[in-house]
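Thanks for coming. I'd like to walk through one structure today, starting with the ligand and ending with a detail of the backbone. Please have a look at it first.

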Amino acid sequence: APRSLSGMQPTSDSLHLGNYIGALVEWVRLQETHDAFYFVADLHALTTGPEPEVLRERTRLTAAQFIAGGVDPARSVLFVQSHIAQHTELNWILSCLTGFGEASRMTQFKDKSAKGTNTNVGLFTYPVLQAADILIYDANVVPVGEDQRQHLELSRDLAGRFNARFGDTLVVPEPHIMKATAKIQDLQDPTSKMSKSAATDAGLVSLLDEPSRIVKKIKSAVTDTERDIRFDEEDKPGVSNLLSIHSALSGSSIAELEIAYAGKGYGDLKKDVAEVVVETITPFRDRTLALMKDRGELDRILADGAERAREVAEATVRRVYDKVGLLPAP
Ligand code: ATP
Ligand code: MG
């Protein structure tokens, strides 16, 4: 079967609605048809300078949320990035093939370094490590949100460049970005994406939030001064975002929703969005909390995933080291 691979950073206790609708739902769906590899990107999270204890807790919490969302560790390889040393080995090889100008054009670095204070070299070279994460597993498809499109393009370029220079070695991955759901926006600032590391959390729907908190946030979502409910990302980004969320979780199409809400107000829409969100999130939250009660079992799942992932990663790095002219390790 073709291989699917993706990861999420443990940069917050809870995943948010964008991570869920934009990525996790697709991860779960792809398990049906693909040989799936999913990981917690703890090395990437180090670019934000987390407290060690906090990072450890969030790494387990993130893995628990993958499982709560439907990733089945018996079918998929579920692992922690830092458990596989080969990611950083391939990262170095790919770094030496990445142009400085090319890396400088990555918009996530520009956005994050403009907002944050922690502008380190790791944040700058983040997309190269991400390329290593993908290429090391010979991934065919990479299910991610729209914000990762440029990074995926870099992964494809690097695979192609490596192959052109050293002969066919790496698989060139395809992005798998769901048009309708790949960009869930912040409820308070509907022109920027919902992010774990957003400056304030008023516009962030965290999957582990108390239901009452979620309802409150959705009811105070920014809309516009008109009254009609229609999908128009240009002029009505807030309303369009609410329609996208509703549609993704309820299964109704945007067109059906527009008809259903003809003549109704924003208050009605918000009330219903809050309801579908709470319905989705309540069992998710319960499952996550239950999984976190048995750390031993969670760690066993991650150890099993690491073993399966390592087998593939080791073979790729051996192949790559040989191609570039490194002597076999004695
Ligand atoms: P951070 O702010 O720390 O970068 P994040 O919310 O962007 O956190 P990531 O761990 O970087 O989350 O990304 C995990 C996955 O979720 C990626 O596939 C990414 O494309 C997707 N994703 C992130 N935000 C959104 C969003 N607002 N809408 C849809 N998908 C998203
Ligand atoms: Mg991100």
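I'll begin with one side chain. A polar side-chain atom of S195 is 3.4 Å from an oxygen atom of ligand 1. Bear in mind that this is a predicted model.

How much of the accessible area of ligand 1 does the protein cover? On its own, ligand 1 has 590 Å² of accessible area, and the protein covers 98% of that. As for where the ligand is, ligand 1 sits in the largest cavity.

The backbone also comes up to the ligand. At Q9, a backbone N or O atom lies 2.9 Å from an oxygen atom of ligand 1. At G18, a polar backbone atom is 3.2 Å from a nitrogen atom of the ligand.

Now the shell as a whole. Ligand 1 is surrounded by 23 residues, and the closest are H16, K112, D147, I184 and S197. Sorted by class, the shell has 12 polar, 6 nonpolar and 5 charged residues.

Which element gives the most to this shell? That is α1, with 4 residues. The helix α1 covers residues 17–30, and the strand β1 covers 3–8; each of them supplies at least two residues of the shell around ligand 1.

Last, the backbone detail, at D138. This residue is in the loop between α7, residues 121–135, and β4, residues 141–143. Phi of D138 is near 50 degrees, which is a positive value in a residue other than glycine.

That's what I have. Questions are welcome.

Note on methods
Residues numbered from 1 in each chain as written. Chains lettered and ligands numbered in written order. Predicted model: local features only at pLDDT ≥ 70, side-chain atom pairs only at ≥ 80, totals over all residues. Heavy atoms only, no water. Near = heavy atom within 4 Å. Polar contact = N/O pair within 3.5 Å; in protein donor to acceptor, adjacent residues only side chain to side chain. Areas by Shrake-Rupley, 256 points an atom, 1.4 Å probe, with all protein chains shown as cover. 1 Å grid on protein atoms, 1.4 Å probe; cavity = no way out; pocket = protein on both sides within 12 Å on 5 of 7 lines; lining within 4 Å. Sits in = over half its atoms within 2 Å of the grid points. Nonpolar A, V, L, I, M, F, W, Y, C, P; charged D, E, K, R; others polar.
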